[in-house]
Amino acid sequence: MNTVAEKKTRLTTSAMIASIAGEGQRVKAAPFGKALVELAATRPEIVGMTADLAKYTDLHLFAQAYPERFYQMGMAEQLLMGAAGGMAKEGLIPFATTYAVFGTRRAYDFIHQVIAEENLNVKMCCALPGLTTGYGPSHQATEDLAMMRGIPGLTIIDPCDALDIEQAVPQMAAHNGPVYMRLLRGNVPLVLDEYDYQFELGKAKRLMDGDEVLIISSGFLTMRALEVAKALQADNIGVGVLHCPTIKPLDTATILAEVQRKPRLVVVAENHSMVGGLGEAVASALLQNGVQPARFRLAGLPDAYLDAGALPTLHDRYGISTEALSARVKAWLK
């Protein structure tokens, strides 16, 4: 008797085409690039700059639309940030793009001294944040929020989806001062339009309510939190979701109000190391204001150099896939 082995789908990944969209999920292509092109039509002071990564940060759309306002700085992230600071001093609004690991680790001192200390109007948009690439520690920016939170006066944004990014771009330009945004590029999931949501710089927004669990989240972990909330409805577990797209300044007032509304397990979920990110920021805010949740847990990435591999495998391994996060929440409720 002949038998045919079941053919398994081979998981693949690439730093260049990394996508967090699930099979059949709604997506929008290049929301950052398209939003910036649209905004720049009425804002001639906006310029685009990159460190040899226009195609992989969706800035190539800006380069095509406004070639005279586009600057290719080559593989030189320190030069990119230094030049962006100089342009801001001349009254321009540079949107500077690269990968998050390069923008933070390699150019940190230039961001700190050239841009932030003088409160210059530079908008840094950095792709492949956290575990959105399978290329290993050289490309996984799992500590960028911790680094950037330490810079005084720097606004930090961790958007969830295409809608968040589209709406954040004009507000970044309108904000006077430096901004660091974790960038999702390529085919970006679209989820927040189902929740009557609008991005507002500096504000957290409740997307769902629930009696047993409150998940406070940022980035694509808000998408995961919403999926977890739906999955746990089958077990009669009510999960609320509070989306915090602005990491700094943190919307402490809204977070305190949500935690105090009812006694629940509070879980902070983020695509970042549990050291120095949203989780510790929320914990600090609660402690400093004398607010004690019924229970409190962090659902972030471990304090470790993460593995390389296919994103679905890595998300399962580190507990941030929908299934893994659902299991963690259920275990914490016991």
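The dialogue below takes up the sheets, then the strands and helices.

Q: What kind of model is this, and how are residues numbered?
A: This is a predicted model, in which local features need pLDDT of at least 70 and side-chain atom pairs count only at pLDDT 80 or more, while totals for chains, interfaces and linings use all residues. Residues are numbered from 1 along each chain as its sequence is written, and side-chain values use heavy atoms, with hydrogens and water left out.

Q: In what order do the strands of the five-stranded open sheet lie?
A: Strands of a sheet pair through backbone hydrogen bonds, either parallel or antiparallel. Helices (H or I, at least four residues) and strands (E, at least two) are DSSP runs, numbered from the N terminus, and two strands pair if DSSP finds at least two bridges between them. Here the order is E9-E11-E10-E13-E14, with mixed pairing. Strand E9 (205–208) and E14 are the edge strands, each pairing on one side only. From one strand to the next the twist averages 25 degrees; axes are lines fitted to C-alpha atoms, for helices over the stretch in contact, and angles run from 0 to 180 degrees between N-to-C directions.

Q: Which bridges hold E13 to E10 and to E14?
A: E10 and E13 run parallel with five bridges, and Ser-217 is opposite Ala-269 in E13. E13 and E14 are also parallel, with six bridges. Val-267 has Arg-297 in E14 as its bridge partner, and Ser-273 has Leu-301 in E14. On its own account, E10 is joined to strand E11 (residues 239–243) by five bridges in the parallel sense, with Val-213 opposite Val-239 in E11.

Q: Which way do the side chains of E10 point?
A: In a regular strand the side chains alternate between the two faces of the sheet. In E10, Val-213, Ile-215 and Ser-217 point one way and Leu-214 and Ile-216 the other, and all are buried. Buried means under 20% relative accessible area, exposed over 50%, and partly exposed in between (1.4 Å probe, protein chains only). E13 has nine of its nine residues buried, so it is largely enclosed by the rest of the structure.

Q: Where do the buried residues of helix H10 lie?
A: In H10 (residues 278–288) the buried residues are Leu-278, Gly-279, Ala-281, Val-282, Ala-285 and Leu-286. Seen down the axis, these fall within an arc of 165 degrees, so they line one face of the helix; the arc is that of the directions from the helix axis to the C-beta atoms. The face turned away from this buried side carries the exposed Leu-287 and Gln-288. After H10 comes Gly-290, with a positive phi near 70 degrees.

Q: How do helices H8 and H12 cross?
A: The axes of H8 (residues 220–233) and H12 (residues 322–333) come within 9 Å and cross at roughly 65 degrees. The crossing is right-handed; a crossing is left-handed if the near helix is turned anticlockwise from the far one by less than a right angle, and right-handed if clockwise.

Q: Which residues of H8 meet H12?
A: Contact means heavy atoms within 4.5 Å. Leu-221, Arg-224, Glu-227, Val-228, Ala-231 and Leu-232 in H8 meet residues in H12 including Leu-325 and Val-329. H8 also lies across E9, E10, E11 and E13, at about 170 degrees to E11.
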